[in-house]
Amino acid sequence: MDGKFYQLASFEYVADVQIMKGKLESEGIPVFLRDENTLNSDPLISNAIGGVKLLVYTQDKDRALEIYNEIRAYALDEKGNPITCPNCKASKSEVYYNRKEIFYKLFPFFEKRKYKCLNCGMITR
């Protein structure tokens with residue numbers, strides 16, 4: 001193995017990443033978690049460090065993405081309905097944080113939640 005990694009996803013809670021990790025490993029894909037122990041010791045800093053990162057070898061990227069997209073959870077509104085993209089009308093959005101400004105890097109909890117459509121890439125509030 002070449003030892004290069006691809007970050008497949010990041011999760012706010014350690015328990016959420018364990019489900020995906022188990023599925024990928026059952027399909028024969030080695031999985032590595034970054035920042036898992038940090039969040040186990042202090043879960044309140046999850047947003048500040050970007051959550052638990054799920055990594056796979058780059059050679060397993062395509063297969064891992066295929067499995068991940070089959071079972072992933074998409075963003076829901078306050079009523080539990082899927083967020084619908086105003087551009088393409090797809091119901092495949094995920095929470096998105098820009099964090100380009102230094103203020104939001106230092107204080108990520110002030111940034112307003114946005115959603116990124118996984119179909120067309122449009123970012124909405």
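Lys 114 sits in strand β5 (helices, H or I of at least four residues, and strands, E of at least two, are DSSP runs numbered from the N terminus). Leaving aside residues up to four places away in sequence, Lys 114 touches Glu 94, Val 95, Tyr 96, Asn 98, Ile 123, Thr 124 and Arg 125, where contact means heavy atoms within 4.5 Å. With a relative accessible area of 14%, Lys 114 counts as buried (buried is under 20%, exposed over 50%, partly exposed in between, with a 1.4 Å probe and protein chains only).

This is a predicted model, in which local features need pLDDT of at least 70 and side-chain atom pairs pLDDT 80 or more, while totals for chains, interfaces and linings use all residues. Residues are numbered from 1 along each chain as its sequence is written, and side-chain values use heavy atoms, without hydrogens and water.

The contacts of Leu 54 beyond four places in sequence include Phe 11, Val 17, Met 20 and Leu 24.

Elsewhere, Tyr 13 lies in the loop between β1 (5-11) and α1 (14-26) and is partly exposed, at 49% relative accessibility. Phe 107, in the loop between α5 (102-106) and β5 (114-117), is also partly exposed, at 35%.
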